[in-house]
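Opening the notebook on this one.

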Amino acid sequence: EPSVCAPLPVLGRDVAVPLVTGGEVTYAALDQAASAPALQRVWDDVAAYAPYYGSVHRGAGYLSQLSTDLFENARRTVAEFLDCRDGDEVVFTRSTTDSLNLLAAALPDGCEVFVFETEHHAALLPWRRAGRVTFLDAPDSPAQAVAALERALADRDPYGPALVCVTGASNVTGELWPVRELAAAAHAHGARIVLDAAQLAPHRAVSVRELDVDWVAFSGHKLYAPFGSGVLAGRADWLREAEPYLAGGGASRTVVRRADGGVDVRWHETAARHEAGSPNVIGAYAVASACKALTEAGFEALAAREDALVCAVREGLADVPEVRFLSLFGDDAPRVGVLSFVVDGWNSSHFAAALSAEYGIGVRDGLFCAHPLVRRLLGGDTGGAGECGAPEPGALNAIRVSFGAGTPEEHVARFVRAVRELVR
Ligand code: PMP
């Protein structure tokens, strides 16, 4: 049995919010899959560095040198955190969405892309430059996911480039995907694979080497480092050969005016190629700080704690038949601390609003930027629910509760009590 650690200290533990019934209560942030509060340690590190802030790669002064060192050290920390291979690149981006769009912009000509319909839109939609995109149906089990991918890849041109994009943990059901097996299937058919670790990296150790994935993407703000940075890490070749994601200073090594009046550019070949503009050193530093803090806390202990919180919700609501949890692989499938559900007889938006107004609990309602998956799990029409995060009023949607390394047990107990009371 791995030991269960105490909640890690985070900001916002004492924020009081008003209740519609009068009085106030400390806010229970149970929407950590959307964005997680900063770890106290991350905040302290950022505050300690802030007076020394300077421009990265662009100054001869002491603080510029210091900031450049911190930025490049942050890259190394992230590479260690992800257990990257020698020669892998770590590119600092704005977010997972940005990272996956960067990779999409770097696809070789004619690259085929394979993606399950169950993905978050950030992983589902960026592949417009691809030669062809194959959307695979939602599987019923991890084994079926691997078999479906095998079948799809068997039909492809084995000599052309191909990429599989897969989530490590679903942002809707929290379920873990068989990443290692999917990577093996991809590689057996000459394809590459990128792991969307937006929901996995905050909760489980991610080893690029062990999982044998070619790239991994995650967001700082879901990893307790909400300072505007994300990461794309992995194989250097496609990134090196691609046009820069953004054109500008920092990405260009030399620019010269030609005799005919145009300009010739030589671009950098390392991560800087895709990091044009002044880098967000505070964001990168915060991500590195979070990586260190999570590694020190230990993912086994963090995962054991989160399992206990998931268990508390499942057991606390087991005798409430109106509450139905959503899952692809079955209710007992291993998952991170993310659960979605519907409540019979309730509009999900109203239910989430009541949790906030009457109990000071913040959850999310909607389709979670994964419309095809939620639509499938709900087994019905979503009522034309439109924009990401803003379904039509009254549309069929779900409620998501999600935990993080700083979630106290009291918040989960309050959530269970609130759901029971509201259903009654
Ligand atoms: N992938 C998954 C699985 C996610 O949960 C999210 C965020 N909800 C994203 C990608 C996109 O992350 P971001 O909004 O930070 O770009």
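Which domains does the domain assignment of the protein give? I find domain 1 (16-30 + 298-423) and domain 2 (42-296), with bounds that come from an automatic or database domain assignment.

Ground rules before I go on. I'm looking at a predicted model, where local features need pLDDT of at least 70, side-chain atom pairs count only at pLDDT 80 or more, and totals for chains, interfaces and linings use all residues. Residues are numbered from 1 along each chain as its sequence is written.

**Confidence.** I checked pLDDT, the predictor's confidence in each residue, from 0 to 100. The protein averages 94, and 96% of the residues score at least 70. I flagged residues 382-387, where the pLDDT is below 50; that stretch still has 19 contacts in the model beyond near neighbours in sequence. A contact here means two C-beta atoms, placed from the backbone, within 7 Å. Where pLDDT is low, the predicted coordinates should not be read in detail. For the model scores I noted ipTM 0.99 and pTM 0.95.

I get 29 Å between the centres of domain 1 and domain 2, taken over C-alpha atoms. Domain 1 puts 27 residues into the contact and domain 2 puts in 25. On the domain 1 side, α10 (299-316), β14 (338-343) and α12 (371-378) each supply at least two residues. Helices (H or I, at least four residues) and strands (E, at least two) are DSSP runs, numbered from the N terminus. I sorted that side of domain 1 into 19 nonpolar, four polar and four charged residues. The classes: Ala, Val, Leu, Ile, Met, Phe, Trp, Tyr, Cys and Pro are nonpolar, Asp, Glu, Lys and Arg charged, and the others, Gly among them, polar.

**Sheet.** I traced an open, antiparallel sheet of four strands, ordered β13-β14-β17-β16; strands pair if DSSP finds at least two bridges between them. β13 (323-325) and β16 (364-366) are at the edges with a single partner strand each, so one side of each has no neighbour in the sheet. Between β14 and β17 (residues 398-402) I see four bridges, and F341 has I399 in β17 as its bridge partner. Helix α11 (residues 348-359) lies across β14, β16 and β17, at about 35° to β17. Axes are lines fitted to C-alpha atoms, for helices over the stretch in contact, with angles from 0 to 180 degrees between N-to-C directions.
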